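Good morning, and thank you for coming. Please take a moment with the sequence and the model before I describe how the parts are arranged.

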Amino acid sequence: MGADAAQLPRIDFSGVDPSSPGAGTWSAVRAQVMEALTTVGCFDAQYPALSPEQRAALFDGGVRPLFALPAEAKRRNSYGADKPFHGYLGDIPGYDGYESLAIVDGTKPEPVRDFAALMWPDGRSNDGFCDAVHGAAARIFELEEAVRRMVMEGLGVAKYHDVLSESTWHLFRMSEYQAPNAAEKTLRYPVHQDTNMLSVVCQHEVEGLEMQTRDGEWVLVKPSPTSLVVMVGQALRAWTNDRLYAPLHRITVAGDATRYSAMLFSAPNYMIQAPDELVDDEHPPRFKPHDNNDYIRFCVSEEGARHEDKLKAFCGV
Ligand SMILES: O=C(O)CCC(=O)C(=O)O
Ligand SMILES: [Fe+2]
């Protein structure tokens, strides 16, 4: 089957209220979430709580004005040399035409305001930007947290959800992929697995995200004004003792429209160790306890680059 024919599992969250876990269609949706995340490791979430108007505001009032800023302004988006992947990314060999900015704790109003003040020190454009970005990030966070809770419940370890949530932080990343102005597909972000817990991707109008299934088939995920892609990263794969699958994915673009996307990544501020309940004779321990930041450093090292399954190479038992 060609990349255009296959589809991701689609899960309808319109009957789920993230502030009332268990209510409405929660348990039926949880079953679909578990089926999807244990097989392909991702799904297309129908999530009308992030309205088409909010998306339009995010990209037209937030993302586009941001990328229109001069390079020196964008480069001020830094969280220090020891946290190179928390902020601005650009001019990276192998990532031609890709540029990206990110807000640590972008689900909260204050960090978004600080970020805007850094980008527009004269105060211009701030209010519209903050409302657009924080408004969307907060809605996306509600979906991310609901899915994380469903995963814990689905695996029978719901008791860990609240305490681990307290040590979970979020990165809100906004990315631009330049149009190649050619009909052929151009790779703008090479094949990878995310290193964090869950990622929620908001594509805007222009397609480009391709997910790989376990049997190696590439699935092009068509953007829609009411859907978000949810995927598992290596940190959640490790914490669940390999119960969930962290899918490979890449970004390719074609044609003459610049592609924009926004992503929310959840990441652990705690040592990753599968809980005892997820380790037994049938599921022996797969990964040694580890700090996710050490794993990220390994992934970008020369040694890490050589391995296909980087998590297994780094801490596999
Ligand atoms: O832009 C996208 O659709 C996803 C990008 C991605 O996979 C990433 O930033 O890890
Ligand atoms: Fe990714």
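This is a predicted model: local features need pLDDT of at least 70, side-chain atom pairs count only at pLDDT 80 or more; totals for chains, interfaces and linings use all residues.

I begin with a definition: two strands are said to pair if DSSP finds at least two bridges between them. Helices (H or I, at least four residues) and strands (E, at least two) are themselves DSSP runs, numbered from the N terminus.

Residues are numbered from 1 along each chain as its sequence is written, and chains are lettered from A and ligands numbered from 1 in the order in which they are written.

Let me take the sheet of four strands first. Its order is β6-β11-β8-β9, it is open, and its pairing is antiparallel. Which strands lie at its edges? They are β6 (182-192) and β9 (218-220), each of which pairs on one side only. From one strand to the next, the twist averages 30 degrees. For this and every later angle, axes are lines fitted to C-alpha atoms, for helices over the stretch in contact, and angles run from 0 to 180 degrees between N-to-C directions.

Strands β6 and β11 run antiparallel and are joined by 5 bridges; here Ala182 is opposite Gly255 of β11. Between β8 and β11, also antiparallel, there are 3 bridges, and Leu209 faces Ile251 of β11. Finally, β8 (residues 209-212) pairs with β9 in the antiparallel sense over 3 bridges, with Gln212 opposite Trp218 of β9.

Contact between two residues is counted if their C-beta atoms, placed from the backbone, lie within 7 Å.

The scheme counts angles under 35 degrees as roughly parallel, over 145 as roughly antiparallel, 65 to 115 as roughly perpendicular and the rest as oblique. The crossing of α2 and α5 is left-handed; that term applies if the near helix is turned anticlockwise from the far one by less than a right angle, and right-handed applies if clockwise. Among the residues in this contact are Leu58 and Gly61 of α2 and Phe129 and Ala132 of α5. By class, the contact has 7 nonpolar, 5 polar and 2 charged residues. Here Ala, Val, Leu, Ile, Met, Phe, Trp, Tyr, Cys and Pro count as nonpolar, Asp, Glu, Lys and Arg as charged, and the others, Gly among them, as polar.

Helix α1 also meets α5: their axes come within 9 Å and cross at roughly 85 degrees, so the two helices are roughly perpendicular. The residues involved include Val33 and Leu37 of α1 and Val147 and Met150 of α5.

With α4 (residues 109-119), α5 packs at an angle of about 140 degrees, the axes being 9 Å apart. That makes α4 oblique to α5, and their crossing is right-handed.

Lastly, what surrounds ligand 1? The shell consists of Ser175, Tyr189, Asp194, Val201, Gln203, Leu209, His249, Ile251, Ser261 and Met263, where a residue is near a molecule or strand if its C-beta atom, placed from the backbone, lies within 6 Å of it. At least two shell residues come from each of β7, β11 (249-255) and β12. The shell divides into 5 nonpolar, 4 polar and 1 charged residues. Thank you.
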